[in-house]
Amino acid sequence: MIQRAAAVIVRDGNVLLMHRLKEGREYYSFPGGSVEDGETPEQAVVREIREEFTLDIIPEKLLLEMETMGNYGYYYLVKRYTGTPKLGGEEKRIMTPQNQYHPVWKPLAELRGLENLYPEDVR
């Protein structure tokens with residue numbers, strides 16, 4: 001089973017999400033990625049957010065662990081970070097008109113109603 005570590009980055013009542021446009025589909029996800037061999041989930045989320053959004057984060061606490069779609073996910077609350085979110089890493093390298101990645105802030109109060117935010121259980 002693949003392990004995934006993701007961040008719930010909160011600032012001023014907003015949450016940082018990855019807005020995806022992929023082959024005609026539009027959706028949002030919590031930023032993060034796979035836990036590599038020899039890494040803890042917390043180390044993985046720090047690395048992934050640095051790569052994806054060029055942010056240095058300090059995970060505050062583990063909010064949720066869950067199995068979804070054949071993966072096991074760890075979701076960390078993040079309130080402290082340095083830097084300005086901008087796309088980086090593999091996501092920036094592979095972006096095309098048919099495969100887009102955009103960091104966006106969404107109001108926390110809107111997350112439950114955001115039907116195209118995945119995984120649904122984290123909403």
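Trainee: How many bridges join β1 to strand β2 (residues 14-22), and in which sense do the two run?

Mentor: This is a predicted model, in which local features need pLDDT of at least 70, side-chain atom pairs count only at pLDDT 80 or more, and totals for chains, interfaces and linings use all residues. Residues are numbered from 1 along each chain as its sequence is written, and side-chain values use heavy atoms, with hydrogens and water left out. Strands (E, at least two residues) and helices (H or I, at least four) are DSSP runs numbered from the N terminus, and two strands pair if DSSP finds at least two bridges between them. For β1 and β2 the bridges number three, and the sense is antiparallel.

Trainee: With which strand does β1 (residues 2-11) pair in the parallel sense, and over how many bridges?

Mentor: β1 also runs antiparallel to β4, to which three bridges join it, and there Ala 5 stands opposite Gly 33. Toward β6, Ala 7 has Tyr 76 as its bridge partner. The parallel pairing is with β6, over eight bridges.

Trainee: How far does helix α1 (residues 41-53) reach from its first C-alpha to its last?

Mentor: The helix has 13 residues. The expected span is 1.5 Å times one less than the number of residues. The expectation for α1 is 18 Å, and the helix comes close to it, reaching 18 Å.

Trainee: Is Glu 48 buried or exposed?

Mentor: Glu 48 lies in helix α1 and touches Gly 32, Gly 33 and Ser 34, not counting residues up to four places away in sequence; contact here means heavy atoms within 4.5 Å. Buried means under 20% relative accessible area, exposed over 50%, and partly exposed in between (1.4 Å probe, protein chains only). With a relative accessible area of 10%, Glu 48 is therefore buried.

Trainee: What is the phi of Thr 54, and where does this residue lie?

Mentor: Thr 54 follows α1 and lies in the loop between α1 and β5 (56-68). At 32% relative accessibility, Thr 54 counts as partly exposed. Its phi is positive in a residue other than glycine, near 55°.

Trainee: Why is the pair of Phe 30 and Tyr 75 classed as it is?

Mentor: The structure holds four aromatic pairs; rings of Phe, Tyr and Trp (its six-membered ring) pair if their centres lie within 6.5 Å, with planes under 30 degrees apart counted as stacked, over 60 as edge-to-face and the rest as tilted. Phe 30 lies in the loop between β3 (25-29) and β4 (32-34) and Tyr 75 in strand β6 (residues 71-82), so the pair ties together parts that are 45 residues apart in sequence. Both Phe 30 and Tyr 75 are buried. Their ring centres are 6.1 Å apart and their planes at 80°, so the pair is edge-to-face.

Trainee: Over which ring does the charged end of Arg 20 sit?

Mentor: A charge sits over a ring if NZ of Lys or CZ of Arg is within 6 Å of the ring centre and within 35 degrees of the ring normal. The charged end of Arg 11 sits over the ring of Trp 105, 4.1 Å from its centre. For Arg 20 the distance to the ring centre is 3.8 Å, and the ring is that of Tyr 101.
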